[in-house]
Amino acid sequence: MTDQEYAKRNQLASAPTKSWKNIPLAFLSGGAICTAGELIRQAALAAGLEEKTAALAVSLSLIAAASLLTGLGLYDKIAKHAGAGTLVPITGFSNAMTSPAMEFKSEGIILGLGAKMFVIAGPVIVYGIAASVVYGLILWLARL
Amino acid sequence: MEYLKAFVVGGLFCALGQVLIDYTKLTPARILVSYVVAGVALGALGIYQPLVEFAGAGASVPLAGFGNLLAGGVKEAVAREGFLGIFTGGLTACAGGVAAALCCALVMALVFRPREK
């Protein structure tokens, strides 16, 4: 997804008159994705995986599914109605990587595909890891 | 019951995201970053993990769960490796998800052409 598309989607979604519809739709679609995740988790636990491995299995399945749906052009169609319901789950993160990777392939596979893949995911990783390092530093200092 | 809890908690995370889109100027990228950082903070405070135990995928699938994963990873790594764990914990914990998202994006981009919207 490009910046312009994001701005467009944001603008579409931010018409306040539509909130009565947007918020329940986000709740239902996001809830559905998490329920699908829970289905996979229960299946993984039933198959004898540990709690942590089961959580990883959930993430990997949802990431792969969202990436495939993005490739097929279906994820964005669902996202138009689901709004934050398809943005906030891990599937949104996967979509945010696959979508610009496809979009910018035309600018080359190194600086197009390879670099633009991180337009949205990059900041998420940067600030997530930075926050975790701050927490780690606090933990470490507390042990001294 | 497990499914209902996952549905409701996951749905609430997404409804909150929609409220942020509708009533603030936050872009989706900022919302994703906020969720992850909030997840790290809530994980660090020990609030998020009980929620994961309560709601399962309902709490681990939204991006705040990704933040919680980072916080948990750092906590374990610092306990195990000391100072170096500060730097290895986060990325180690999220390695699977990030590598999968990256490889899927690469393969999809090579296989499919973007469509006209």
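Among contacts in chain B between residues at least 6 apart in sequence, what percentage join residues at least 24 apart? The figure is 58%. Keep in mind that this is a predicted model.

**Chain B on its own**
- Chain B has 6 helices and 0 strands, so its pattern along the sequence reads α-α-α-α-α-α.
- Taken along the principal axes, the box filled by its C-alpha atoms is roughly 50 × 35 × 35 Å.
- Of the 117 residues in chain B, 56% are buried.

**Where the chains meet**
- On the chain A side, 68 residues are in contact with 65 residues of chain B.
- Helix 1 (3–13), helix 2 (19–46), helix 3, helix 5 (84–87), helix 6 and helix 8 (118–143) of chain A each give two or more residues to that side.
- The chain A residues there split into 41 nonpolar, 23 polar and 4 charged.

**Helix 3 against helix 6 in chain A**
- Helix 3 (residues 51–71) and helix 6 (residues 90–103) of chain A pack at about 40°, and their axes are 8 Å apart.
- That angle makes helix 3 of chain A oblique to helix 6 of chain A, and their crossing is right-handed.
- From helix 3 of chain A, the residues in this contact include Ser59(A), Leu62(A), Ile63(A) and Ala66(A); across from them, helix 6 of chain A brings residues including Ile90(A), Thr91(A), Ser94(A) and Met102(A).
- The residues of this helix 3–helix 6 contact in chain A come to 5 nonpolar, 9 polar and no charged.

Definitions and conventions. Residues numbered from 1 in each chain as written. Chains lettered and ligands numbered in written order. Predicted model: local features only at pLDDT ≥ 70, side-chain atom pairs only at ≥ 80, totals over all residues. Axes fitted to C-alpha atoms, helices over the stretch in contact; angles between N-to-C directions. Helix = DSSP H or I, 4+ residues; strand = E, 2+ residues; numbered from the N terminus. Parallel < 35°, antiparallel > 145°, perpendicular 65-115°, else oblique. Left-handed = near helix turned anticlockwise from the far one by under 90°. Contact = placed C-beta atoms within 7 Å. Nonpolar A, V, L, I, M, F, W, Y, C, P; charged D, E, K, R; others polar. Buried ≥ 20, exposed ≤ 12 C-beta atoms within 10 Å, placed from the backbone.
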